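Please keep the sequence and the structure at hand while reading.

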Amino acid sequence: MKNWPMKSYLTGIYLFFYIPILVLIIYSFNNAQYSLVWHGFSFRWYQELFSDNDLWISVMHSLVLGVSAATIAMCIGGLTAISLFRYQFFGRQLLQGLIFILILSPDIVMGIALLILFSMIQLQLGFWSLLLAHITFCIPFVVVTVSSRIVSFDEYIFEAAKDLGAKDMIIMTRIILPLLWPALFAGWLMSFTLSIDDVIISYFVAGPDFEILPLKIYSMVRLGVKPEINALCTVTFGLTLLLIILSQLVLRKKP
Amino acid sequence: MKHHDAGLKIFSLGVIWLWLIVFALLPFCLVTLASFVSHDNAHLLMLPATLQNYLQLNNSIYVKIFKQSFYIAGMCTLICLLLGYPFAYAIARMKSRYKSLLILFIIIPFWTSSLIRTYSMITMLKPKGIISSILMWTGVISKPLPLLFTDTAVMIGLVYNLLPFMILPLLTNIERLDNRLIDAARDLGANRLTTFRKIILPLTMPGIMSGSILVFLPAMTIFYIPDLLGGSKSILLGNLIQNQFLIAQNWPLGSAISVVFTLLLGILLLIYWRSSRKDTQDLL
């Protein structure tokens, strides 16, 4: 075997990534409350997990929030990317700069900024405050994703369409959207994962009436005594893995 | 343009500008304003305007937390770079048919909830956890190692969470590297070190930069990692701001900390950006 130092280095990094997760998965099947020692295989923690009603409510909340935020962010972000590409307008560079800054600005600052805003306009913290916040932090990522695809467009298509008498709306629905939907979908998916996974911003703008999964996990992890969390982590990890494998299969089918 | 119908344009631009002004510019202005006012038990924010919040920051505790945060985030970035660069380089230059699979295996932790990965680290690090048990079993140590709730644990947790953010930009950057440049350098008699220093390193600078930014920025503010792994002693900026807002209920002070923090980050990014641009100019 040649180049074995490199190979063992790579293996080491992969082990660093995966051993903690594997350990978690193994212990989710351990029939014991605290012990590290193996007390036999059991689905006990999964049963507890699946009968935890609060948890399932928070999962539903997160899904509703993620889908709505991703969809609205995809629309606004998509329109923004298209406008930045097609139109010359006053403040174009400012808009680009603002989106760039929004990506770089620390989550925690955005969280407190929105918290101050919502308390000023007396918006009760809950679904709507979370939705507005999530849309706001997703938009820049949609703009960037869609923009990176749109620059490879052939501008002559638009010229040709215009020469043939197509109006803006027709160009949009007949040319831009069909060409752009993979990028829009990628932006949607990214927004959805960002929304489902966000802890920091949600932590500030969530209210007691609308608990979402990441915050529920956070409070469970902080208390951190029940192996139910191990089961929960295993389930989410399994689902993530499944989604990634599915998306890889879908992507690979295309030439 | 013969018939320019501006409806769509006005609508698109109207929506995005309105959104950004209301939910991005206005809130950030409000934070700045909030940092100049006072508070009492009944009001989160109230007049009179004051500089007190900023003056209060000139206190050894806060200065220490600022320094500590920048230090930990910087160290974390450095460790991620040192671990991630050779890794990304090896993967990017690989000609194996398993290459895309290997890349997929770096993306998977990237897509997994960061809270869950932090929790898995607790299992590894706790006194009777895996690392301690293995070390005791092999006889390296005689009693459980107090790893959890230390700064080391915070560092391990940060690196564990953020390493993929360093590797992925480096990977895309190194993959685009032109092999002919490396061959040319070697043909002209440069040794491995010189080739790396003069050719590979400058050309992968953009990847190093974006990777470092992606690691450094979150490292300062992921408050739940110090919270879960560091215990009560490790307070970083993220925890401090979170504390002022949600526990101490001192919004003006929390805002002042955020403003100073944002300004420092801005200055740092500007210096970084300027210097890296100069590097590439020197190269041309």
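## The contact between the chains

In this predicted model, chain A contributes 60 residues and chain B contributes 58 residues to the contact between them. On the side of chain B that touches chain A, the most is given by helix α1 of chain B (residues 7-34), which supplies 16 residues.

## A pair of helices across the chains

Helix α5 of chain A (residues 107-120) packs with helix α12 of chain B (residues 237-246) at an angle of about 10°, and their axes lie 10 Å apart. Because angles under 35 degrees count as roughly parallel, α5(A) and α12(B) are described as roughly parallel to each other. The crossing in which α5(A) passes α12(B) is left-handed.

From α5(A), the residues Ile108(A), Ile112(A) and Leu115(A) meet Gly238(B), Ile241(B) and Phe245(B) of α12(B). The residues of this contact are five nonpolar and one polar, with no charged residue among them.

Within chain B, Pro226(B) belongs to helix α11 (residues 224-230). Is Pro226(B) buried or exposed? Pro226(B) has 24 other C-beta atoms within 10 Å, and is therefore buried, since the cut-off for a buried residue is 20 or more.

Leaving aside residues up to four places away in sequence, Pro226(B) touches Val154(B), Ser234(B), Ile235(B), Leu236(B) and Asn239(B). Of these, Val154(B) is 72 residues apart from Pro226(B) along the chain, while the C-alpha atoms of the two are separated by 5.5 Å.

Conventions
Residues numbered from 1 in each chain as written. Chains lettered and ligands numbered in written order. Predicted model: local features only at pLDDT ≥ 70, side-chain atom pairs only at ≥ 80, totals over all residues. Contact = placed C-beta atoms within 7 Å. Helix = DSSP H or I, 4+ residues; strand = E, 2+ residues; numbered from the N terminus. Buried ≥ 20, exposed ≤ 12 C-beta atoms within 10 Å, placed from the backbone. Axes fitted to C-alpha atoms, helices over the stretch in contact; angles between N-to-C directions. Parallel < 35°, antiparallel > 145°, perpendicular 65-115°, else oblique. Left-handed = near helix turned anticlockwise from the far one by under 90°. Nonpolar A, V, L, I, M, F, W, Y, C, P; charged D, E, K, R; others polar.
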